[in-house]
Amino acid sequence: MSAADKGKNDLKEKVEAQEIKLIPVYVMGKRYLVPQTLTIMKAMEYAGYKYIRGCGCRGGICGACATVYRKPDDYHLYVGLACQTVVEPEMYLTQIPFYPANRANYNFEQLSSEPEEIFKLYPEVFRCIACNSCTKACPMDVAVMDFISAVKQGNLARAADLSFNCIQCGLCVSRCMGELPQYHIAQLVRRIYGGKIAPRAQHLAGSARAIKNGKYQKALDELQKCDVKQLTVIYKEREIEPEITGEEWTPARTDYL
Ligand code: SF4
Ligand code: SF4
Ligand code: FES
């Protein structure tokens, strides 16, 4: 039995044993009873919906599963990621499978690092009226209005930094009365910053040279000869850098440093 089927069976047993309560939710206006522990994505699947689009990583990083919902007796329009947001009783919800946003065409090689490149490709950036609806809608807590402000000020480094956690879900675009495609603008900014402004990492060039000169070839050849079982053992037994060392860390095996 697959892990997914086992999970479904476990859930069914817990619901039948009343260990997990069923709560009502409305999907596109239709009422369903779903286990209260599920995310919106899993609750919709429990209710019989099948995701063909609007679902990717299921882990909160691909931005495919933007959802809009309301709660009873509450005028707020809530937004979230279906794979990360747990259902609540009487929630009214729907998925936004894709939200169309203007994406400029450009040849990256021909762009300079000047902010004017962004202004030419996305003149609508100056239509921002600083309402902050985009920031409120962002499930990743990105300071969307602030990165747009940074773009307008020509501060691409700040805009790239502020927008770094964007997963391109499109929820900010859905709320923008200036009709800006914030995430496409931010992506271009990060490309320009990363490709044309940020200083080159010298150690990266050195590592690329070492790969080209065959420094790791013997190790790669050995790995390629392994079967899946051997690779699994190597992977599980590999030495991992501690998250916090407090001091400079060196692996036990240094022959490939
Ligand atoms: S929603 Fe649009 S207009 Fe409002 S602050 Fe964000 S980018 Fe500007
Ligand atoms: S900035 Fe916009 S597109 Fe990016 S994660 Fe936030 S809401 Fe989604
Ligand atoms: S499916 Fe990828 S963020 Fe939800």
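Buried residues (20 or more other C-beta atoms, placed from the backbone, within 10 Å of their own) make up 23% of the 257 residues in the chain. This is a predicted model, in which local features need pLDDT of at least 70 and side-chain atom pairs count only at pLDDT 80 or more, while totals for chains, interfaces and linings use all residues. Residues are numbered from 1 along each chain as its sequence is written, and chains are lettered from A and ligands numbered from 1 in the order in which they are written.

**Exercise 1.** State how many helices and strands the chain has, and how spread out the chain is.

*Solution.* The chain holds eleven helices and five strands, counted as DSSP runs (H or I, at least four residues; E, at least two). The radius of gyration, over C-alpha atoms, is 24 Å, well over the 18 Å of the globule rule (2.2 Å times the number of residues to the power 0.38), so the chain is more spread out than a compact globule. The C-alpha trace spans about 65 × 55 × 35 Å along its principal axes.

**Exercise 2.** Describe the residues that surround ligand 2.

*Solution.* Ligand 2 is surrounded by 15 residues (C-beta, placed from the backbone, within 6 Å), the closest being Cys138, Cys166, Cys169, Cys172 and Tyr183. Helices H7 (171-175) and H8 (182-197) each supply at least two residues of this shell.

**Exercise 3.** Identify what the buried residues of H8 pack against.

*Solution.* In H8 the buried residues include Tyr183, Ile185 and Leu188. The buried residues of H8 pack against H3 (115-121), H4 (133-137), H5 (144-152), H6 (156-162) and H7, where contact requires C-beta atoms, placed from the backbone, within 7 Å.

Terms used:
Buried ≥ 20, exposed ≤ 12 C-beta atoms within 10 Å, placed from the backbone. Contact = placed C-beta atoms within 7 Å.
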